[in-house]
Structure formats: C-alpha cells, structure tokens
2 protein chains.
Amino acid sequence: MASSRVPSLRVLGVDPGLTRCGVGVVDVAADRSARLVYVGVIRTEADAPIEFRLAALAAGLRDVVRAHDPAAVAVERVFAQHNRQTVMGTAQASGIALLVAGEAGIPAATHTPTEVKAAVTGYGAADKRQVQTMVARVLRLDALPQPADAADALALALCHAWRRGSSAAGPAAGALTPAQQRWADAERLARR
Amino acid sequence: MASSRVPSLRVLGVDPGLTRCGVGVVDVAADRSARLVYVGVIRTEADAPIEFRLAALAAGLRDVVRAHDPAAVAVERVFAQHNRQTVMGTAQASGIALLVAGEAGIPAATHTPTEVKAAVTGYGAADKRQVQTMVARVLRLDALPQPADAADALALALCHAWRRGSSAAGPAAGALTPAQQRWADAERLARR
C-alpha cells in the first residue's frame with residue numbers, strides 16, 4: 001500500500017466510562033487512510049469502591065499505552081448537562097485517561113461527540129449506527145466494531161488524526177501544540 | 001493528653017481543584033479531639049495542557065500520601081449543577097484524588113459540602129468563615145487556616161473522621177467498609 005510509506009500518526013481514542021471504557025488505537029497516514037491497531041473495552045466492577053474502580057481503569061489504560069505506544073491520546077469531551085450521577089463517573093474516568101496520557105508524556109486532546117460524528121460521517125447529528133458503519137469502512141473491517149464504546153473510541157481516534165491532519169503542517173508534524181511539546185518534554189525528563 | 005493514648009484515625013482531606021487543590025491531614029481520636037498534621041495547597045499552572053496539570057496534581061497528592069501515610073482519604077463530592085466549565089475540571093481533579101487513594105490501597109469517601117458544614121459547625125448552611133473558625137478552634141490553631149481551599153480540606157478530614165466515629169465500631173475499627181477492606185488488601189498485594 002502506498003499509504004504505508006508516508007509517516008503515520010498513531011492515536012489512542014478513549015470513550016471514557018467506569019463500567020465500560022472503550023479504547024481504540026489506529027495508525028492514520030497523511031492521505032487520511034487508516035489502519036486498525038487495537039480495539040477493546042476496559043471494564044471495572046460496578047460493586048467495587050470508586051477509588052479502586054479508577055485505579056483498575058488507570059492500570060488498563062497504562063497497559064494499552066505500553067503495548068501500542070500512541071503518539072497522541074484523544075478523549076471524548078464530557079458535558080455536565082446529562083444524567084448527573086453518570087456524568088460525574090464519566091468525568092472522573094476522562095480525567096484518568098488524560099492523566100495516563102500526561103504521565104506517559106503523550107499529548108492529549110478532547111473532542112465533542114458532535115465533532116467526532118462530523119469528522120467521521122460528515123454529519124454532526126449522525127446516529128451510532130452510521131458512525132460504526134463509517135469506522136468499519138475506513139478501517140476495512142469485516143464487521144461493525146462492537147460494543148458501541150469500542151466503535152466510539154475508534155471514531156475518536158480517527159477524528160483526532162483527521163482534524164490535526166487538516167492543519168498546514170500535516171498530521172505527523174502538527175500533533176503537538178508548542179505548550180504540549182514543552183510539557184511532554186519536561187514530563188519525560190522528570191521520569192528518566 | 002488523654003486523647004493521645006487512644007488509637008486515632010489519620011485522615012487526608014482533599015478539596016479538589018485544578019488551579020488550587022486543598023489538602024489537609026489530621027489525627028482524630030476516639031473522643032473526637034483532633035490534631036493538625038499537615039495542611040497545604042497543590043497548584044498547577046493554568047496555561048499548562050490539562051493532561052499535564054492532572055499529572056502534576058497526582059504527583060503532589062502522592063507526595064502528601066507518602067509523607068503522612070493517611071488511613072483514609074476524604075474528597076469533596078462534586079455536583080454537576082454549578083458552572084459547567086469549572087465543574088468538569090473539579091470532577092477530573094476529584095477523580096485523580098480518588099485514584100491516588102485507590103492506588104495506595106487507602107479507602108476513600110466523598111462528602112457533600114452540606115455534610116461537611118453540618119459535621120464541623122452543626123449547621124449545614126454555615127458560611128466559609130464559620131467553617132474556618134471551627135476548624136481553627138478544633139485544631140487549636142492560632143490563626144484561621146488559609147487559603148479557603150486548605151481550610152475546606154481540613155474540614156473534610158474532620159467531617160470524615162467524626163462521621164465514621166459515630167458508627168458503633170468507633171473510628172479506628174469502622175474506617176473501612178467490607179468491600180473497601182477487600183479491595184484495599186487486593187491493591188496492596190498486587191503492588192508487592
């Protein structure tokens with residue numbers, strides 16, 4: 001494939017959640033073609049105390065980062081207007097995903113569900129099925145990615161790479177803002 | 001002091017925040033008398049990317065846990081009805097505090113601002129000044145704890161110990177639920 005010769009950006013997408021946290025890793029080339037690297041769901045036990053659920057989630061995310069070494073992490077942006085009980089758990093899970101990125105010296109970004117849908121399907125109000133269908137087509141999967149959290153994580157990763165890629169510098173060079181580059185360097189140095 | 005002869009519970013209170021995170025450690029005896037162990041504020045740079053702010057917050061909290069070895073961590077419960085932009089950062093910071101507790105095998109609990117005010121002043125609608133005054137009196141401080149985030153963290157820690165202490169088993173024995181005990185043991189074993 002021609003696309004394998006140009007530098008590609010490896011992105012970990014995270015659909016944050018305590019009960020099910022979707023994780024998807026893709027390699028995206030400068031020509032926007034993409035390849036599935038890994039997809040999965042991290043689950044934590046609903047009857048476990050919150051502090052140990054968050055610790056289990058962090059451990060699961062660190063395993064994925066260690067195994068696949070992404071250059072960027074994209075996390076779904078959580079809003080406060082939804083179900084109050086659920087949204088706090090989701091917000092805390094998103095904080096854990098961002099933390100795991102930061103501690104690994106990997107720049108992170110958040111994208112809204114509307115941004116993800118628009119980037120992947122061209123339509124910000126697309127339904128879950130349309131998003132899953134486009135993700136499967138782009139990644140040349142034989143079946144729709146399951147469960148929905150895993151598909152959402154892949155869509156987030158694609159959205160991130162494509163939105164970055166639309167900047168003048170291209171996806172590989174444009175992955176970090178200057179502030180992220182400075183902090184990522186500092187974080188890596190501190191861990192040596 | 002008679003109170004120093006009975007077993008006491010060491011509690012870390014955390015008033016979660018990204019810009020300023022209040023932390024306070026107290027020893028609380030079975031007779032409800034309390035001693036200040038440590039109080040401070042963890043700050044992160046407002047212009048740093050969120051993933052590195054959360055990493056800096058986690059590092060600061062881990063330092064406090066390492067230095068003072070609390071038996072319990074109390075975190076202010078965050079609600080979604082406040083300012084949406086701020087509340088997400090606060091929710092993420094509270095997730096980091098809970099994570100740091102879980103990863104250290106320390107049981108955590110959340111308390112609402114109303115519960116904290118009621119426990120410390122006897123009045124759930126008390127204002128910040130009344131809470132600070134009572135905290136200073138209980139801990140026999142010469143001045144009001146400053147800034148407000150630090151006072152809130154101490155109030156949280158006192159609230160946690162006193163609410164636990166009102167159970168039949170007393171503060172030392174009653175600090176963990178059975179589920180927390182099981183998970184704390186598992187977390188500690190996994191880290192050996």
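Me: What should I know about the numbering and the model first?
Reply: Residues count from 1 along each chain as its sequence is written, and chains are lettered from A in the order written. It's a predicted model, so local features need pLDDT of at least 70 and side-chain atom pairs pLDDT 80 or more, while totals for chains, interfaces and linings use all residues, and side-chain values use heavy atoms, with hydrogens and water left out.

Me: Why is Arg62(A) with Glu103(B) called a salt bridge?
Reply: The term asks for a side-chain nitrogen of Lys or Arg within 4 Å of a carboxyl oxygen of Asp or Glu. Here the N to O distance is 3.0 Å, so the pair qualifies.

Me: What makes up the area buried between chain A and chain B?
Reply: Buried area is the accessible area (1.4 Å probe) that two parts lose on being put together, summed over both. For these chains that's about 2900 Å², with carbon and sulfur atoms giving 71%. Glu51(A), Phe52(A) and Trp183(A) supply 24% of what chain A buries against chain B, more than any other three residues.

Me: How do you know that the lining of the largest cavity is nonpolar or charged?
Reply: Ala, Val, Leu, Ile, Met, Phe, Trp, Tyr, Cys and Pro count as nonpolar, and Asp, Glu, Lys and Arg as charged. The lining has 8 nonpolar, no polar and no charged residues, so nonpolar it is. Among them are Leu12(B), Val65(B) and Ala97(B).

How values were computed: 1 Å grid on protein atoms, 1.4 Å probe; cavity = no way out; pocket = protein on both sides within 12 Å on 5 of 7 lines; lining within 4 Å.
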